[in-house]
Amino acid sequence: MLLSIIRMPGSRSTPDKGQASAAGPRAALDALLAGSSGGTLRRAQWLDAVDRLLRPHLPPGLAAHARLANVRGDKLVFVVDAPVWHAKLRLAAPGLVDAARSIGLEVNDVGVKTTTAPLRPLPPATARRPPMSATAQSGLAAAIAMLQSDAADGADSEYKAARRRRLKAPAGPAEGAS
């Protein structure tokens, strides 16, 4: 049973003949898998399934910082997000090889790459920000109103000062001119 999950399917993904065509996301996924990029998508799904099967065999704490990136020949290739996890994964390599063999993969080694990018996308910044309280909202509104009134007063006084300078300009030549 595990072997059927692990082996990458070589044929295209099509619904059973007795099954009605699915609508929505499933139909879109089937169309993508049947297209020219279907092999790449099937490979990505297969790698994700293998990653989920090997994840329980990683040491505690390491699973959040490591992800299976590829199975190249007889080598499992993992990506980690810091050098410390690189070292911990290298120490766990013999156990991972044994776990991979137990689910049907013919591997002998583990390779590890370190990246600076996050392994999983971060949620948008707006989703992490807690909502503003009513008190904070009213205080912010008062501060904005105060700044706007000060800016209007400042612009008005600048206009009046410039007008006064124009009215006081001397009509004759400047002092000290010869």
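Predicted model: local features only at pLDDT ≥ 70, side-chain atom pairs only at ≥ 80, totals over all residues.
Residues are numbered from 1 along each chain as its sequence is written, and side-chain values use heavy atoms, with hydrogens and water left out.

**Overall arrangement**

- The protein has 7 helices and 3 strands, these being DSSP runs numbered from the N terminus, with helices (H or I) of at least four residues and strands (E) of at least two.
- Along the sequence, these elements follow the pattern α-α-α-β-β-α-α-β-α-α.
- Of the 178 residues of the protein, 21% count as buried.
- Among contacts with a separation of 6 or more, 59% are between residues 24 or more positions apart, a contact being heavy atoms within 4.5 Å.

- The buried residues of helix 5 are A93, L96, V97, A99 and A100.
- Seen down the axis of helix 5, these buried residues fall within an arc of 165°, so they line one face of the helix; the arc is that of the directions from the helix axis to the C-beta atoms.
- As background, an α-helix has 3.6 residues a turn, so residues three or four places apart point the same way.
- The cover over the buried residues of helix 5 includes helix 3, strand 2, helix 4 and strand 3.
- After helix 5 comes G104, which has a positive phi, near 110°.

**The largest nonpolar core**

- The largest nonpolar core holds 25 residues, of which L54, L76, F78, L89 and V110 touch the most other members; such a core is a set of buried Ala, Val, Leu, Ile, Met, Phe, Trp, Tyr and Cys residues joined through side-chain atoms within 4.5 Å.
- Two or more residues of this core come from each of helix 3, strand 1 (66-72), strand 2 (75-80), helix 4 (83-91), helix 5 (93-102) and strand 3 (109-114).
- Helix 5 gives the largest share of this core, 5 residues.
- Leaving aside neighbours within four places in sequence, the contacts of F78 include L54, L89 and V110, together with R67, L68, A69, L96, G111, V112 and K113.

**Helix packing**

- The axes of helix 4 and helix 5 come within 4 Å and cross at roughly 60°; axes are lines fitted to C-alpha atoms, for helices over the stretch in contact, and angles run from 0 to 180 degrees between N-to-C directions.
- Helix 2 (residues 25-34) packs against helix 3 at an angle of about 115°, with the axes 6 Å apart.
- In that contact, L29, L32 and L33 of helix 2 meet G38, L41, R42 and Q45 of helix 3, a set with 4 nonpolar, 2 polar and 1 charged residues.

**Two positions in helix 3**

- V50 is in helix 3 (residues 38-54) and counts as buried because its relative accessibility is 0%.
- A44 also lies in helix 3, but counts as partly exposed at 42% relative accessibility.
- From C-alpha to C-alpha, V50 is 9.6 Å from N70 in space and 20 residues from N70 in sequence, while A44 and N70 are 9.1 Å apart in space and 26 residues apart in sequence.

How values were computed. Buried < 20%, exposed > 50% of the residue type's maximum accessible area, 1.4 Å probe, protein only. Nonpolar A, V, L, I, M, F, W, Y, C, P; charged D, E, K, R; others polar.
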